[in-house]
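Biologist: I would like to learn how to read the pockets and the overall fold of a model. Could we go through them one feature at a time?

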Amino acid sequence: QVQPVESGGGLVQAGGSLRLSCAASERAFNSYAMAWFRQAPGKERDFVATIIRDGGLTRYADSVKGRFTISRDNAKKTVYLQMNSLKPEDTAVYYCNRVDFTLRTLDTWGQGTQVTVSS
């Protein structure tokens with residue numbers, strides 16, 4: 001197992017944008033689907049978005065559909081999450097992970113990156 005490294009979080013006003021990055025050291029990075037999850041204070045960690053290994057198919061949680069875009073660069077072993085039109089309810093720690101087709105995570109969780117959206 002490997003531990004992803006998330007970055008790009010910060011404090012932003014409602015309506016603003018952020019781009020998160022997730023770097024993986026797994027040699028077979030381009031053989032796996034990747035996903036972003038988030039955990040708000042006092043809540044369970046929830047699915048946000050996933051992308052298949054070649055980037056040709058993506059899926060999103062209803063709460064972020066139309067506002068967030070997941071993408072990946074297999075040469076850089078990095079997956080991104082472009083977040084637009086941010087809302088206060090998007091405030092959470094964001095994590096990425098390799099996943100199987102059931103969205104079961106395959107690696108230990110990294111430190112995550114904090115996203116705070118002020119109203």
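Modeller: Let us start with the pocket: the largest one is lined by Ala 33, Thr 50, Ile 52, Leu 57, Thr 58, Arg 59, Val 99, Asp 100, Phe 101 and Leu 103. This is a predicted model, in which local features need pLDDT of at least 70 and side-chain atom pairs count only at pLDDT 80 or more, while totals for chains, interfaces and linings use all residues. Residues are numbered from 1 along each chain as its sequence is written, and side-chain values use heavy atoms, with hydrogens and water left out.

Biologist: What is the volume of the largest pocket?

Modeller: Rolling a probe the size of a water molecule over the atoms shows where empty space is left. On a 1 Å grid over the protein atoms alone, a pocket is an open set of points where a 1.4 Å probe fits, with protein on both sides within 12 Å along at least five of seven lines, and lining residues have an atom within 4 Å of a point. Here the volume, meaning the space filled by probe spheres set on points joined across faces, edges and corners, is about 150 Å³.

Biologist: Which strands and helices does the protein have?

Modeller: Both are DSSP runs, helices being H or I with at least four residues and strands E with at least two; the protein has 0 helices and 10 strands.

Biologist: How many of the residues count as buried?

Modeller: Buried means under 20% relative accessible area with a 1.4 Å probe, protein chains only, and 45% of the 119 residues qualify. Along its principal axes, the C-alpha trace spans about 40 × 25 × 25 Å.

Biologist: How do contacts between residues at least 6 apart in sequence divide?

Modeller: With contact taken as heavy atoms within 4.5 Å, 54% of those contacts join residues at least 24 apart.

Definitions and conventions
Buried means under 20% relative accessible area, exposed over 50%, partly exposed in between (1.4 Å probe, protein chains only).
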